[in-house]
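Subject: Structure handover

Hello,

Here is the structure for you to look at. My notes on what turned up follow below it.

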Amino acid sequence: MSDNLRIEEQDHVRGSRDAQVTLVEYGDFQCPYCARAHAALTELMQQHGERVALVYRHLPLTDLHPFAAPAALAAEAAGAQNKFWEMHDALFENQGMLDEDALPPMAASLGLDAQRFEREQGDGAHRARVEADARQAGALGARGTPTFFINGERYHGDSDHASLASALKKALGEG
């Protein structure tokens, strides 16, 4: 497995860091394909429990999705208050309504410290993290979203439930 694809201390991980399978997603909160994958991954994580670790890293495609970078910064600002996954889910569930005005109410609905969230969102406190993820994605050849790696190997299939389920079964030695 490439060192770039190991779970790092600062990574956002859903599932166990010691899972049998590590699924790294480079994603964009405004990408409709990422939203489709989000729905599939949510169900697959429930099915596989602690056997699969989902790692989310940012690859905002700002040429296509002008609100992708602010959404990534919002997720990181929420993460600084231990609510990354809650914001991650809220961003995908409200993808059609994403704009600057949508973020403060989302933060409030998650019980975040509003002043801290808005300060960190506005001052770019987490910009280096988002940019580092995007650089790493580029170095790994990721140009579009979602881009997945399963146990360090680039996944080239569809991002629908059936395709991802099949790939995870294979990685788990079940298919």
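Tyrosine 26 and phenylalanine 149 are both buried. Keep in mind that this is a predicted model. The two residues also form an aromatic pair. Their ring centres are 6.1 Å apart and their planes stand at 85°, so the geometry is edge-to-face. An angle over 60 degrees is what puts a pair in that class. Look next at where the partners sit. Tyrosine 26 belongs to strand β2 (residues 21-27) and phenylalanine 149 to strand β4 (residues 147-150), so this pair ties together parts 123 residues apart in sequence.

Now the second pair, tyrosine 56 with phenylalanine 84. The centre-to-centre distance is 6.1 Å, the planes are 45° apart, and the pair is tilted. Tyrosine 56 comes from strand β3 (residues 52-58), while phenylalanine 84 is in helix α3 (residues 84-93). The two are 28 residues apart, and the pair links distant parts of the chain. Tyrosine 56 is buried, as is phenylalanine 84.

Which residues form one aromatic cluster? Tyr56 and Phe84 are in it, together with Phe29, Trp85 and Phe92. Over the whole structure, the search gives 6 aromatic pairs.

On to the helices. Helix α1 (residues 32-48) packs with helix α7 (residues 161-171) at about 35°. Their axes are 9 Å apart, and the crossing is right-handed. On the α1 side, the contact uses Ala40, Leu41, Glu43, Leu44, Gln47 and His48. On the α7 side, the residues are His161, Leu164, Ala165 and Leu168. What is the make-up of this contact? The residues divide into 6 nonpolar, 3 polar and 1 charged. Glu43 counts as charged because glutamate is in that class.

Find it in the loop between α1 and β3. Is glutamate 50 buried or exposed? Its relative accessible area is 54%, so glutamate 50 is exposed; the cut-off for that is over 50%. Glutamate 50 still has contacts beyond its neighbours within four places in sequence: Gly15, Ser16 and Ala19. Arginine 14 is 36 residues away from glutamate 50 along the chain, yet their C-alpha atoms are separated by 8.9 Å.

Best wishes

Methods. Residues numbered from 1 in each chain as written. Predicted model: local features only at pLDDT ≥ 70, side-chain atom pairs only at ≥ 80, totals over all residues. Heavy atoms only, no water. Axes fitted to C-alpha atoms, helices over the stretch in contact; angles between N-to-C directions. Helix = DSSP H or I, 4+ residues; strand = E, 2+ residues; numbered from the N terminus. Left-handed = near helix turned anticlockwise from the far one by under 90°. Contact = heavy atoms within 4.5 Å. Phe/Tyr/Trp six-rings, centres within 6.5 Å; stacked < 30°, edge-to-face > 60°. Buried < 20%, exposed > 50% of the residue type's maximum accessible area, 1.4 Å probe, protein only.
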